[in-house]
Amino acid sequence: MSGSAGLRAADETGVRAAQEPDLRAAQEPSLRAAQENAQENVSPDADFTVRQITQQLFAAKAGEHLDYAGRDLTYLDLSGLDFKQASLARSDLYGVDLTGSNLKGSDISNARLDRAVLIRADLSGANLSGTSIYRPTVYSDMQNSYADAPRFAGANLTGIRVQADLSGADFRGADLTEANFSPLEGRPGQGTLVTLARNVLKSCNFSGATLRRADLTRAVLTFSSLVGADLTGANLSEADLSKVDFSGANLAGADVTGADFDGANLAGVKGLESVKGIDQAINLDKAFR
């Protein structure tokens, strides 16, 4: 190599070496942002990051209800947060993780909670009217421990649309007027990977709840408590009502065509004389009165 060629090579090497720190410095902010986003598992479509919501809720003063109405919060990990009665009305909460979150008294009306994680979520007294809850994750493992089930005690669930296994959930005193727990497919056997043949509500507590005109077609309510519940005009056709405690409930005008009453407690039930399809109910002779 000639002397002049060697000098040019040395100059180019020096220029590259001088430029490399500048390039690394320019890349570091974007790399840090990417790493932070990866750690937060941020949805590319979400309007907020987990960090932003966490900081805002932590800073909220007593009585201050934050407004996330109509916002996209899809896939965010919001587990363990106290929402302090924030407004989530009309929000898209698809796939959001609400494990152990406190949503007491929050406005979650007309929202989408499909595929959300609701393990031990407390929605007592919340307004979920018109909201959909399709295929949520309710249990932390395959044992399906009822202790993991969400709480809806005293909540407004009017017109809610559910497709789920919510066994063990607490619905005490909740308003489920015109709630829709009917299957998504027209007849059994049409289910796909994303639908259920019937809703499963085993060992749920509906004591004192209002279920006027609620649709519980083919729902499995085995061992559930409906003590003192108002089921006026409810659709219980083909539902599994075995071992259900209906004591003191109002069944006036309800449709029980094809429903299974094996071992059900009908003591003190009101409106039996106006129940539809009772002559087509199954195992009614095995119910307790």
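Which residue forms a salt bridge with aspartate 170? The partner is arginine 172, with the closest N and O atoms 2.7 Å apart. A salt bridge here is a side-chain nitrogen of Lys or Arg within 4 Å of a carboxyl oxygen of Asp or Glu. Arginine 172 counts as partly exposed because its relative accessibility is 44%. Aspartate 170, at 13%, counts as buried. The cut-offs are these: buried means under 20% relative accessible area, exposed over 50%, and partly exposed in between (1.4 Å probe, protein chains only).

This is a predicted model, in which local features need pLDDT of at least 70, side-chain atom pairs count only at pLDDT 80 or more, and totals for chains, interfaces and linings use all residues. Residues are numbered from 1 along each chain as its sequence is written, and side-chain values use heavy atoms, with hydrogens and water left out.

Confidence comes next. The predictor's confidence in each residue is its pLDDT, from 0 to 100. The protein averages 88, and 81% of the residues score at least 70. Among the elements, H2 has the highest mean pLDDT (97), while helix H1 (residues 3-40) has the lowest (48). Helices (H or I, at least four residues) and strands (E, at least two) are DSSP runs, numbered from the N terminus. Over residues 23-27 the pLDDT stays under 50, and the model has 0 contacts there beyond four places in sequence. Residues 29-39 are also below 50, and this stretch has 2 contacts beyond near neighbours in sequence. Contact means heavy atoms within 4.5 Å. Where pLDDT is low, the predicted coordinates should not be read in detail.

The largest nonpolar core has 76 residues. Such a core is a set of buried Ala, Val, Leu, Ile, Met, Phe, Trp, Tyr and Cys residues joined through side-chain atoms within 4.5 Å. Phe246 and Phe261 have the most contacts inside this core. Helix H2 (residues 50-59) gives the most to the core, with 3 residues. Leaving aside neighbours within four places in sequence, phenylalanine 261 is in contact with residues including Leu241, Phe246, Val256, Leu266 and Ile282. In soluble globular proteins, nonpolar side chains tend to be buried together.

Leucine 221 sits in the segment after strand E2 (161-163). Its relative accessibility is 1%, so leucine 221 counts as buried. Not counting residues up to four places away, leucine 221 touches Leu201, Lys202, Phe206, Ala239, Asp240, Leu241 and Val244. Valine 200 is 21 residues away along the chain, yet the two C-alpha atoms are separated by 6.7 Å.

Back to the charges. The whole structure holds 8 salt bridges. One of them joins the side chains of aspartate 148 and arginine 120 (3.0 Å, N to O). Aspartate 148 lies in the loop between strand E1 (132-134) and E2, and arginine 120 in the loop between H2 and E1, so the pair ties together parts 28 residues apart in sequence. Aspartate 148 is buried at 7% relative accessibility, whereas arginine 120 is partly exposed at 38%. Beyond four places in sequence, aspartate 148 touches Leu118, Ile119, Arg120, Val138, Tyr139 and Ser140.

Arginine 212 and aspartate 230 also meet in a salt bridge (3.0 Å, N to O). Both lie in the segment after E2, so the pair ties together parts 18 residues apart in sequence. Arginine 212 is partly exposed at 33%, and aspartate 230 is buried at 19%. Elsewhere, salt bridges that share partners join Lys104, Asp122 and Arg151 into one network.
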